[in-house]
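These are my notebook entries on one structure, written in the order in which I looked things up. I begin with a single residue and then move on to helices, salt bridges and cores.

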Amino acid sequence: MTISERRVGDITLLEPAGRLVFGDGDDELRAHLNRLVAEGRLKIILSLKDVSYIDSCGVGLLVAKFVSVRRLGGDLRLLWLSPRSERVLTISGLIGIFQVFDAEPAALASFGREGPA
């Protein structure tokens with residue numbers, strides 16, 4: 001898995017590419033998200049458009065990081081779900097937990113509508 005990172009003000013946009021599965025991608029994304037949290041970067045948008053496959057471990061990672069970021073006053077939002085990611089999140093009943101966007105400007109603007117995180 002490769003992960004590109006862009007910052008727009010105090011919002012971090014992560015774009016992982018590859019498989020988000022146990023032993024292949026989950027460790028890289030977990031470490032990257034942990035680093036952001038340690039730096040106090042708590043407004044995170046995670047694009048899943050280039051995630052070709054996600055398993056239960058990958059879903060568990062998303063949920064765990066969502067919870068930990070929210071507990072610290074931030075948020076983890078999803079952008080551009082791949083068909084596989086959307087299917088897995090829908091089947092698991094988690095699609096309604098995350099704020100999901102299909103346009104980057106809307107995802108970025110969503111952080112401004114609620115005040116500071």
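Entry 1: Does R70 count as buried, partly exposed or exposed, and at what relative accessibility? I worked throughout from a predicted model. I found that R70 counts as partly exposed, at 44% relative accessibility. I then looked for its partner and found a salt bridge between D75 and R70, with the closest N and O atoms 3.8 Å apart. D75 has a relative accessible area of 6%, so I recorded D75 as buried.

**Entry 2: helix α2.** I checked the length of helix α2, which covers residues 56–71. Its 16 residues should span 22 Å at 1.5 Å a residue, and the C-alpha atoms at its ends are 22 Å apart, so expectation and model agree. I listed the buried residues of α2 as G58, V59, L61, L62, K65, F66 and V69. Looking down the axis of α2, I saw these buried residues fall within an arc of 155 degrees, so they line one face of the helix. For background, I noted that an α-helix has 3.6 residues a turn, so residues three or four places apart point the same way. On the face of α2 turned away from the buried side I found the exposed residues S56 and R71.

I next asked what covers the buried residues of α2. The cover includes the strands β2, β3 (43–47), β4 (50–54) and β5 (75–79), together with the helices α1 and α3 (83–91).

I also inspected both ends of α2. D55 caps the N-terminal end, where one of its side-chain oxygens lies 3.0 Å from the backbone nitrogen of C57. Just after α2, I noted G73 with a positive phi of about 95 degrees.

**Entry 3: V21.** I located V21 in the loop between β2 (11–20) and α1 (26–38). V21 counts as buried because its relative accessibility is 5%. Leaving out residues up to four places away in sequence, I found V21 touching D26, Y53, I54 and D55. D55 is also the residue that caps α2. As a check on distance, I compared V21 with R41: they are 20 residues apart in sequence and, C-alpha to C-alpha, 24 Å apart in space.

**Entry 4: salt bridges.** How many salt bridges does a search of the whole structure find? The search gave 11. One of them joins K43 and D10, whose closest N and O atoms are 2.9 Å apart. K43 is in strand β3 and D10 is in the loop between β1 (2–8) and β2, so this pair ties together parts that are 33 residues apart in sequence. K43 counts as buried at 11% relative accessibility, whereas D10 is partly exposed at 42%.

I looked at R30 and D27 next; their salt bridge has its closest N and O atoms 3.3 Å apart. Both residues lie in helix α1, 3 residues apart, or about one turn of the helix. R30 is partly exposed, with a relative accessible area of 29%. I also recorded a network of salt bridges that links E5, R7, R35 and E39.

**Entry 5: nonpolar cores.** I looked up the largest nonpolar core and found 23 residues in it, with L29, L46, L62 and F98 making the most contacts inside it. The elements that give two or more residues to this core are β2, α1, β3, β4, α2, β5 and α3. The largest share comes from α2, with 5 residues. Setting aside residues up to four places away in sequence, I found F98 touching L62, V63, F66, L76, L78 and L89. A second, separate core has 7 residues, including L13, F101, A107 and F111.

Entry 6: I placed E104 in helix α4, residues 104–112. E104 counts as buried at 16% relative accessibility. Its side chain makes a polar contact of 2.8 Å with the side chain of R6. Beyond its neighbours within four places in sequence, E104 is in contact with R6, L13, L79 and W80.

W80 itself lies in the loop between β5 and α3. It is partly exposed, with a relative accessible area of 23%. I noted its positive phi of about 50 degrees, although W80 is not a glycine. Most residues other than glycine have a negative phi.

Terms used
Residues are numbered from 1 along each chain as its sequence is written. This is a predicted model: local features need pLDDT of at least 70, side-chain atom pairs count only at pLDDT 80 or more; totals for chains, interfaces and linings use all residues. Side-chain values use heavy atoms; hydrogens and water are left out. Helices (H or I, at least four residues) and strands (E, at least two) are DSSP runs, numbered from the N terminus. Buried means under 20% relative accessible area, exposed over 50%, partly exposed in between (1.4 Å probe, protein chains only). Contact means heavy atoms within 4.5 Å. The expected span of a helix is 1.5 Å times one less than its number of residues. The arc is that of the directions from the helix axis to the C-beta atoms. A polar contact is a pair of N or O atoms within 3.5 Å; within protein, one must be able to donate a hydrogen and the other to accept it, and residues adjacent in sequence count only if both atoms are side-chain atoms. A salt bridge is a side-chain nitrogen of Lys or Arg within 4 Å of a carboxyl oxygen of Asp or Glu. A nonpolar core is a set of buried Ala, Val, Leu, Ile, Met, Phe, Trp, Tyr and Cys residues joined through side-chain atoms within 4.5 Å.
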